[in-house]
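Thanks for coming. I have one structure to go through today, so please look at the screen.

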Amino acid sequence: MKNKIKLLGIIAIVAIIAACDSGTNDPCASGHTFPSWIAPSCTENGNSVRTCINCTQTDTRTTGYAALGHEGLTPGVAATCTEAGSSESGNCTRPGCGQIVTETVIPALGHQGLTPAFAATCTTAGNSQASGTCSRPGCGQVITGTVIPALFPELGHDHIGSLICKRIGCNHQYALGDLGPTGGRIFHINPTGFTVQGYSAGTGATAHLNFTDIPLIILKLHQ
Ligand SMILES: [Zn+2]
Ligand SMILES: [Zn+2]
Ligand SMILES: [Zn+2]
Ligand SMILES: [Zn+2]
């Protein structure tokens, strides 16, 4: 009987210890324990998510973790159409960094929106360089390039029997909408890219050209 009571007593104590264990051993019972945030440096982001050291609960921040960038550098200079620029440079003054940032040259951008170089024809001047008015905001420079004078301004094109002008150095080719040899606009070329066999003046603002079936490659041999 005494032994039985002793045994019951031991069981009771074990039960109480077990109950205490399950009640007090949850380390997150009174809140999670998160590690410190990792601070961002000049070049590295910090962390935006951290996990409780005792369970899998996470904590998230949406600001304050992005890399800070170096501090105290000499600002860069933007490149323009004609002048090279430079990146920021110098010694970072942020405590713990002190990195030396070397200057990088940013090449000049070149003008934009110019008309590409184009060949002269018998009747119209060409240009051996891109030309026109630069469309880059803040520039607007007018570039004349190098003008190539018209090749035969007094002779005009020789389109007799040919879709492509036969004068050496000119590659003028009739296209729809051009002013035709008899005046008026060309509204019909058939078949496209073949030689003129003959043409007839249209009435009013149109002209009609008819072509043989001689391929362009033969026309080029005539030039
Ligand atoms: Zn926790
Ligand atoms: Zn720095
Ligand atoms: Zn420009
Ligand atoms: Zn020509």
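I will cover confidence, then the core, then one cysteine.

This is a predicted model, where local features need pLDDT of at least 70, side-chain atom pairs count only at pLDDT 80 or more, and totals for chains, interfaces and linings use all residues. Residues are numbered from 1 along each chain as its sequence is written, and chains are lettered from A and ligands numbered from 1 in the order in which they are written.

Confidence: pLDDT is the predictor's confidence in each residue, from 0 to 100. The chain mean is 78, with 66% of residues at 70 or more. Residues 194-223 have pLDDT below 50, yet the model gives this stretch 67 contacts beyond near neighbours in sequence. A contact here is a pair of C-beta atoms, placed from the backbone, within 7 Å. Where pLDDT is low, the predicted coordinates should not be read in detail.

Now the core. Buried means 20 or more other C-beta atoms within 10 Å of the residue's own, with C-beta atoms placed from the backbone; buried residues are 11% of the 223 in the chain. A nonpolar core joins buried Ala, Val, Leu, Ile, Met, Phe, Trp, Tyr and Cys residues through C-beta atoms within 7 Å. The largest one has six residues: Ala120, Cys122, Leu151, Ile164, Cys165 and Cys170.

Which residue do I want to single out? Cys122, which counts as buried because it has 22 C-beta neighbours inside 10 Å. Cys122 and Leu151 are 29 residues apart in sequence, but their C-alpha atoms are 4.5 Å apart. Beyond four places in sequence, the contacts of Cys122 include Leu151, Cys165 and Cys170. Cys165, for its part, has contacts including His157, Cys170 and His172.

Definitions and conventions
Buried ≥ 20, exposed ≤ 12 C-beta atoms within 10 Å, placed from the backbone. Contact = placed C-beta atoms within 7 Å.
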